[in-house]
Amino acid sequence: MKDDPDLSSLEAQLAATDDPTARTELLIRLASAWALQDAQRAFQFAQQAVHTARSSGYVLGEASGFFEMGWASYNLGEYAQALESFQQALLLYQELRDPKGTADSLRGLGIVHDLLGTTKKLWDILWKTSRFIRVWRI
C-alpha cells in the first residue's frame with residue numbers, strides 16, 4: 001500500500017494545498033484508504049481532518065473525520081474510542097440534517113454495540129435519533 005500511486009497522489013495534493021476544506025477532504029480520503037492496511041495511520045489522518053475542519057468551521061468535514069476515526073478505532077480494537085467517535089459524528093450529522101451520515105454513524109454504533117453486547121444502549125440511541133428524523137420529514 002505504501003507504493004500505491006493513488007495514495008502518493010493524495011499525499012502530494014495534501015502537501016500542495018493550504019485550503020482548509022481541501023486539506024480536510026484529502027485527509028478524510030487518506031484515512032479511508034489506510035483504514036484496513038494501517039489503522040493507526042488512518043486514525044492519525046482522521047484526527048488531523050477533525051482538527052483542520054474544526055479550526056475552519058467546516059462541520060461536514062469534522063463529522064466525516066470523526067466517522068473515519070470511529071472505523072480506525074474499531075480496527076485498532078479501541079471500542080470505547082470507536083463509540084465516542086461514531087457518537088460525535090452522529091451528533092454533527094444530525095445537526096447538519098444529513099440522513100446518509102446519520103445512518104452511517106448509526107451503523108457504526110450498531111456494529112460496535114453488537115460486538116460489545118450492549119445493544120440496549122443502541123436502542124436508546126435509535127429511539128432518540130428517530131425523533132430527529134421525524135422532525136426532518138424525510
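Reader: Where is the place of Ala63?

Author: Ala63 sits in helix 4. Keep in mind that this is a predicted model.

Reader: Why does Ala63 count as buried?

Author: Buried means under 20% relative accessible area. Ala63 has 0% relative accessibility, so Ala63 counts as buried.

Reader: Which residues is Ala63 in contact with, leaving aside neighbours within four places in sequence?

Author: Ala89, Leu92 and Tyr93. Contact means heavy atoms within 4.5 Å.

Reader: And how far apart are the C-alpha atoms of Ala63 and Ala53?

Author: They are separated by 8.8 Å. Along the chain, Ala63 and Ala53 are 10 residues apart.

Reader: How many residues apart do Trp71 and Tyr74 lie in helix 4?

Author: They are 3 residues apart, about one turn of the helix. Helix 4 covers residues 59–76.

Reader: Why does Trp71 count as buried, and why does Tyr74 count as partly exposed?

Author: Buried means under 20%, exposed over 50%, and partly exposed in between. Trp71 has 15% relative accessibility, so Trp71 counts as buried. Tyr74 has 24%, so Tyr74 counts as partly exposed.

Reader: How many aromatic pairs does a search of the whole structure find?

Author: The search finds 5. Ring pairs also link residues into a cluster: Phe67, Trp71, Tyr74, Tyr79 and Phe86.

Reader: What makes helix 4 and helix 6 roughly parallel?

Author: Their angle is about 20 degrees, with the axes 10 Å apart. Angles under 35 degrees count as roughly parallel. Therefore helix 4 and helix 6 are roughly parallel to each other. The crossing is left-handed.

Reader: Which residues make the contact of helix 4 with helix 6?

Author: Helix 4 brings Phe67, Trp71 and Tyr74. From helix 6 come Asp104, Ser105, Arg107, Gly108, Ile111, Val112 and Leu115. By class, the contact has 6 nonpolar, 2 polar and 2 charged residues.

Reader: Why is helix 3 called roughly antiparallel to helix 4?

Author: Helix 3 and helix 4 pack at about 160 degrees, and their axes are 8 Å apart. Over 145 degrees counts as roughly antiparallel. So helix 3 is roughly antiparallel to helix 4. The crossing of these two helices is left-handed. Their contact includes Phe43 and Val50 of helix 3, and Phe66 and Met69 of helix 4. By class, this contact has 11 nonpolar, 6 polar and 3 charged residues.

Reader: How do you know that helix 2 is roughly antiparallel to helix 3?

Author: Use the angle again. Helix 2 (residues 20–34) packs against helix 3 (residues 39–56) at about 160 degrees, with axes 8 Å apart. The cut-off is over 145 degrees. So helix 2 is roughly antiparallel to helix 3. Helix 2 passes helix 3 in a left-handed crossing. Among the contact residues are Leu27 and Trp34 of helix 2, and Phe45 and Ala49 of helix 3. The contact divides into 12 nonpolar, 4 polar and 2 charged residues.

Reader: What makes His113 buried?

Author: His113 lies in helix 6. The relative accessible area of His113 is 4%, and buried means under 20%. So His113 is buried. Not counting residues up to four places away in sequence, His113 touches Leu83, Thr118, Thr119, Lys121, Leu122 and Ile125.

Reader: Last one. Why does Thr129 count as buried?

Author: Thr129 lies in helix 7 (residues 119–136). At 2% relative accessibility, Thr129 falls under the 20% cut-off, so Thr129 counts as buried. Not counting residues up to four places away in sequence, Thr129 touches Leu90, Gln94, Thr102 and Leu106. The C-alpha atoms of Thr129 and Ile28 are separated by 25 Å.

How values were computed:
Residues are numbered from 1 along each chain as its sequence is written. This is a predicted model: local features need pLDDT of at least 70, side-chain atom pairs count only at pLDDT 80 or more; totals for chains, interfaces and linings use all residues. Side-chain values use heavy atoms; hydrogens and water are left out. Rings of Phe, Tyr and Trp (its six-membered ring) pair if their centres lie within 6.5 Å; planes under 30 degrees apart count as stacked, over 60 as edge-to-face and the rest as tilted. Helices (H or I, at least four residues) and strands (E, at least two) are DSSP runs, numbered from the N terminus. Buried means under 20% relative accessible area, exposed over 50%, partly exposed in between (1.4 Å probe, protein chains only). Axes are lines fitted to C-alpha atoms, for helices over the stretch in contact, and angles run from 0 to 180 degrees between N-to-C directions. Angles under 35 degrees count as roughly parallel, over 145 as roughly antiparallel, 65 to 115 as roughly perpendicular and the rest as oblique. A crossing is left-handed if the near helix is turned anticlockwise from the far one by less than a right angle, and right-handed if clockwise. Ala, Val, Leu, Ile, Met, Phe, Trp, Tyr, Cys and Pro count as nonpolar, Asp, Glu, Lys and Arg as charged, and the others, Gly among them, as polar.
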